[in-house]
Amino acid sequence: MKCCPKDDKIKKDWIEKLESESSNVSNDIVIEISNFCKVFSSPLRLKIAFLLNSGDLCVCEIVSILKEKQNLISHNLSIMKKYRVVSSYNQSKYKYYRIERVASSFLGNYLKLQTDKIIL
């Protein structure tokens with residue numbers, strides 16, 4: 001059985017229904033979610049996000065914990081900031097980074113799913 005109706009009247013109604021359902025999905029939202037997922041496709045950025053999910057840190061603290069070069073950490077933080085996964089603020093002579101609420105919720109939900117899997 002094919003999924004697309006052959007009858008022209010039914011096919012027209014079917015296409016209109018599909019088009020109205022697809023109009024509910026904003027292209028901007030799809031792009032934003034896609035970019036958000038790209039940020040987390042990097043293991044290093046994911047590690048940084050998990051660290052920041054525990055509290056605000058400056059670059060030197062992240063470098064020390066992850067044992068990566070400062071320029072690599074800074075580069076990845078700038079990508080994360082560009083896509084609004086993290087934000088920054090200055091305190092004294094240091095720049096601190098914090099994870100944004102949406103990203104924190106995303107990580108929290110992921111961890112909860114993993115915990116549920118282990119329990120089951």
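**Close-up views of a predicted model**

**View 1. Order of elements in the protein.** From the N terminus on, the elements of the protein follow the order α-α-α-β-α-α-β-β-α. The model is predicted. The protein holds six helices and three strands. Of its 120 residues, 24% count as buried. Among contacts between residues at least 6 apart in sequence, 50% join residues at least 24 apart.

View 2. Helix α5 covers residues 70-82, 13 residues in total. From the first C-alpha to the last, α5 reaches 18 Å, close to the 18 Å expected at 1.5 Å a residue. Ile-73, Asn-76, Leu-77 and Met-80 of α5 are buried. These residues lie on the same side of α5, because they cover an arc of only 105° around the axis. An α-helix has 3.6 residues a turn, so residues three or four places apart point the same way. Asn-71 and Lys-82 are exposed on the other side of α5.

**View 3. Surroundings and end of α5.** Just after α5, Arg-84 takes a positive phi of about 60°.

**View 4. Packing of α3 against α5.** The axes of α3 and α5 are 10 Å apart, and the two helices pack at an angle of about 80°. An angle from 65 to 115 degrees counts as roughly perpendicular, and α3 and α5 are therefore roughly perpendicular to each other. On the α3 side, the contact is made by Leu-44, Arg-45, Ile-48, Ala-49 and Leu-52. On the α5 side, Leu-72, Ile-73, Asn-76, Leu-77, Ile-79 and Met-80 take part. By type, the residues of this contact of α3 with α5 divide into nine nonpolar, one polar and one charged. Among the residues of α5 in this contact are Ile-73, Asn-76, Leu-77 and Met-80, which are buried.

View 5. The buried residues of α2 are Asn-35, Phe-36 and Val-39. Seen down the axis of α2, these buried residues fall within an arc of 105°, so they line one face of the helix. On the other side of α2, Asn-27 and Lys-38 are exposed.

Terms used: Residues numbered from 1 in each chain as written. Predicted model: local features only at pLDDT ≥ 70, side-chain atom pairs only at ≥ 80, totals over all residues. Heavy atoms only, no water. Helix = DSSP H or I, 4+ residues; strand = E, 2+ residues; numbered from the N terminus. Expected span 1.5 Å × (residues − 1). Buried < 20%, exposed > 50% of the residue type's maximum accessible area, 1.4 Å probe, protein only. Arc of directions from axis to C-beta. Axes fitted to C-alpha atoms, helices over the stretch in contact; angles between N-to-C directions. Parallel < 35°, antiparallel > 145°, perpendicular 65-115°, else oblique. Contact = heavy atoms within 4.5 Å. Nonpolar A, V, L, I, M, F, W, Y, C, P; charged D, E, K, R; others polar.
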